[in-house]
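Have the sequence and the 3D view open side by side as you read. We will take a short tour, stopping at a few places worth a look.

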Amino acid sequence: NLHTTIGSFGFDNVLMNASGVRCMTAADLDKLADTVAGTLITKSGTPEARTGNPSPRAAGLPFGSINSMGLPNLGIDYYIDYVEKFQEKHPDKPIFLSVAGLGPDDYHVIAKKIQASNFTGPTEFNLSCPNVPGKPQIAYDIPTTRRILDDMFSFFTKPAGIKLPPYFDLTQFDDMAAVLNDYPLTFINSMNSIGNGMAIDPETDTTLIKPKGGFGGIGGTYAKPIALANVRAFRLRLRPEIAIIGTGGVTSGRDVYDLILCGASMVQLGTVLGIEGLGVFQRLTEELSAEMAKKGYTSISDFQGKLKTL
Ligand code: DHB
């Protein structure tokens with residue numbers, strides 16, 4: 001039994017896609033909905049549709065991936081329309097809407113649109129895209145993050161979470177958790193890709209991707225220990241009512257299990273879903289179930305957050 005909850009929403013499986021991977025179009029989203037995943041999330045919608053950065057803009061690496069997509073998406077209106085229709089058709093499967101601003105003011109515009117829509121499911125506000133040239137990852141700027149949340153929660157009454165970048169110093173977790181605990185967040189998602197890594201083709205001495213001179217977000221196995229630390233660090237600091245979606249470095253059922261041990265309530269698949277395809281949900285469901293059986297566990301709550309330390 002892999003049932004889990006985020007706020008008042010229930011899901012039959014802890015697994016779902018990470019935003020950005022196989023979720024751009026209605027056809028992509030329909031296919032995700034047909035897997036054993038507990039639910040799905042849209043590509044981050046921005047106020048206007050975007051074509052994104054020039055190609056090549058994503059590449060596989062020996063232990064993961066690098067990307068600088070630049071938020072290509074069909075626009076917030078397209079995704080609001082999709083999730084409104086989805087919730088009519090599948091009242092038993094709460095779908096996540098992902099949205100992103102190019103700057104702080106966009107979040108106001110976006111939140112107003114969602115508030116005015118018929119969508120009642122959870123929205124993930126992406127505060128951590130590393131790939132739009134000239135735009136910082138907002139959630140590395142704590143005062144700006146607080147300003148966005150202050151404004152948003154002055155009128156937004158629907159379930160909301162935010163997608164965070166990885167942090168690396170324990171004081172960053174202290175400072176960000178102190179901000180997050182001041183707001184009625186339903187969840188956080190930790191973490192987004194590790195911003196501004198680089199990969200080089202040894203034959204040509206050239207960067208593997210074109211945007212931003214080759215800098216791009218790193219995902220996959222490279223990210224696993226950082227994701228575990230981020231989920232754990234936030235679970236130790238956030239109010240228990242704020243659920244954590246764990247994202248980063250999953251390629252096996254044991255990786256899913258480890259994120260849950262650190263406190264995740266759901267686990268998202270990014271790089272591995274991009275590389276392996278939709279069958280990864282069935283494989284990892286089986287591997288996670290086997291890992292739980294080995295430990296004598298029959299439900300997620302048997303081990304969620306129960307990491308031991310020396
Ligand atoms: C994009 C990439 C990301 O890793 C992310 O979190 C958001 C957006 C992108 O470039 O589209």
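## Before we start

Please keep in mind that this is a predicted model. Residue numbers start from 1 along each chain, as its sequence is written.

## Around the ligand

Let us begin with the ligand. Which residues are around the ligand? They are Lys43, Asn67, Met69, Gly70, Leu71, Pro72, Asn126, Cys129, Pro130, Asn131, Asn192 and Ser193.

A polar atom in the side chain of Asn192 lies 2.5 Å from a ligand oxygen atom. For Leu71 it is a backbone N or O atom that sits 2.6 Å from an oxygen atom of the ligand. The side chain of Asn131 has an N or O atom 2.9 Å from an oxygen atom of the ligand. How much of the ligand does the protein cover? On its own the ligand has 290 Å² of accessible area, and the protein covers 92% of that.

## A closer look at Leu71

You can find Leu71 in the loop between strand 5 (64-67) and helix 2 (76-89). Its phi is positive, about 55°, although Leu71 is not a glycine. Is Leu71 buried or exposed? Its relative accessibility is 3%, so Leu71 counts as buried, since buried means under 20%.

## One side of helix 5

Now turn to helix 5, which spans residues 170-180. Its buried residues are Phe173, Met176, Ala177, Val179 and Leu180. Why do they lie on the same side of helix 5? They cover an arc of only 155° around the axis, and therefore share one side.

## Asn230 in helix 6

Helix 6 holds Asn230. Because its relative accessibility is 0%, Asn230 counts as buried. Leaving aside residues up to four places away in sequence, Asn230 touches Pro165, Pro166, Tyr167, Phe173, Ser190 and Met191. Phe173 is also one of the buried residues of helix 5.

Thr157 is found in the loop between helix 4 and strand 8. With a relative accessible area of 64%, Thr157 is exposed. Its side chain makes a polar contact of 2.8 Å with the side chain of Gln115.

## Backbone spots to look for

Where are the cis peptide bonds listed here? One runs from Ser55 to Pro56, with omega near 0°. Pro56 belongs to the loop between helix 1 (26-33) and strand 4 (58-61). Another cis bond goes from Ser190 to Met191, with omega near 20°. Met191 is in the loop between strand 9 and strand 10 (194-197), and it is among the residues that Asn230 touches.

Finally, look at Lys212, in the loop between strand 12 (206-207) and strand 13 (216-219). Lys212 is not a glycine, yet its phi is positive, near 55°. Its relative accessible area is 29%, so Lys212 is partly exposed.

Technical notes
This is a predicted model: local features need pLDDT of at least 70, side-chain atom pairs count only at pLDDT 80 or more; totals for chains, interfaces and linings use all residues. Side-chain values use heavy atoms; hydrogens and water are left out. Buried means under 20% relative accessible area, exposed over 50%, partly exposed in between (1.4 Å probe, protein chains only). Helices (H or I, at least four residues) and strands (E, at least two) are DSSP runs, numbered from the N terminus. The arc is that of the directions from the helix axis to the C-beta atoms. A residue is near a molecule or strand if one of its heavy atoms lies within 4 Å of it. A polar contact is a pair of N or O atoms within 3.5 Å; within protein, one must be able to donate a hydrogen and the other to accept it, and residues adjacent in sequence count only if both atoms are side-chain atoms. Accessible areas come from the Shrake-Rupley method with a 1.4 Å probe; for residues, only the protein chains shown count as cover. Contact means heavy atoms within 4.5 Å.
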